[in-house]
Amino acid sequence: MTLSPEAQAIKAILDKYLEGKDFTYHPDPEVVARVLEGLAKRQANLGKLFCPCRIVTGKPDADEKIVCPCAFHAEELARQACCHCRLFVTPAFRSEGEDA
């Protein structure tokens with residue numbers, strides 16, 4: 001899947017975020033592309049990089065927590081080796097597969 005220019009720009013931002021982290025993108029490029037395109041659509045429609053896998057409530061305090069990288073991803077990575085939307089995964093996920 002070829003990324004839109006908007007999704008490419010978001011990926012560049014997230015690439016910098018991932019520098020030095022102990023997790024990375026999902027190994028399946030289609031999963032990554034789907035999430036990045038979802039983020040691009042949310043940014044175009046709602047003005048922020050709201051996680052495409054979570055519901056925007058219209059409550060600013062709650063919604064701010066789901067701006068990518070969301071407030072929940074670190075705990076999700078620790079618990080299940082991937083974040084909710086599967087954009088980010090740990091080495092355990094990569095070595096054990098999706099059952100990590």
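In this predicted model, the cysteine sulfur closest to that of cysteine 70 belongs to cysteine 51, and the 5.9 Å between the two is too far for a bond. A disulfide requires the two sulfur atoms to lie within 2.5 Å. Cysteine 70 has a relative accessibility of 9% and therefore counts as buried.

The search for disulfides across the whole structure returns 0. Cysteine 53 is accordingly in no disulfide, and its nearest cysteine sulfur, again that of cysteine 51, is 4.4 Å away. Is cysteine 53 buried or partly exposed? With a relative accessibility of 36%, cysteine 53 counts as partly exposed.

Rolling a probe the size of a water molecule over the atoms shows where empty space is left. Searching the whole structure in this way gives 1 cavity of 30 Å³ or more, and the volume of the largest cavity is about 70 Å³. Its lining consists of 13 residues, and those nearest the centre are Cys51, Cys68, Cys70, Cys83 and Cys85. By type, the lining divides into 9 nonpolar, 2 polar and 2 charged residues.

Next comes helix H4, which covers residues 73-80 and has His73, Glu76 and Leu77 buried. Viewed down the axis of H4, the buried residues fall within an arc of 100 degrees, so they line one face of the helix.

What do the buried residues of H4 pack against? Their partners are helix H1, residues 5-18, and strand S2, residues 88-89. On the face of H4 turned away from the buried side sit the exposed residues Ala78 and Arg79. After H4 comes alanine 81, which has a positive phi, near 70 degrees.

Another alanine, alanine 92, is part of helix H5, which spans residues 91-96. Its relative accessibility is 32%, so alanine 92 counts as partly exposed. For a sense of its position, take cysteine 68, one of the residues nearest the centre of the largest cavity. Alanine 92 and cysteine 68 are 24 residues apart along the chain, and their C-alpha atoms are separated by 22 Å.

Notes: Residues numbered from 1 in each chain as written. Predicted model: local features only at pLDDT ≥ 70, side-chain atom pairs only at ≥ 80, totals over all residues. Heavy atoms only, no water. 1 Å grid on protein atoms, 1.4 Å probe; cavity = no way out; pocket = protein on both sides within 12 Å on 5 of 7 lines; lining within 4 Å. Points joined across faces, edges and corners; volume = space filled by probe spheres on them. Nonpolar A, V, L, I, M, F, W, Y, C, P; charged D, E, K, R; others polar. Helix = DSSP H or I, 4+ residues; strand = E, 2+ residues; numbered from the N terminus. Buried < 20%, exposed > 50% of the residue type's maximum accessible area, 1.4 Å probe, protein only. Arc of directions from axis to C-beta. Contact = heavy atoms within 4.5 Å.
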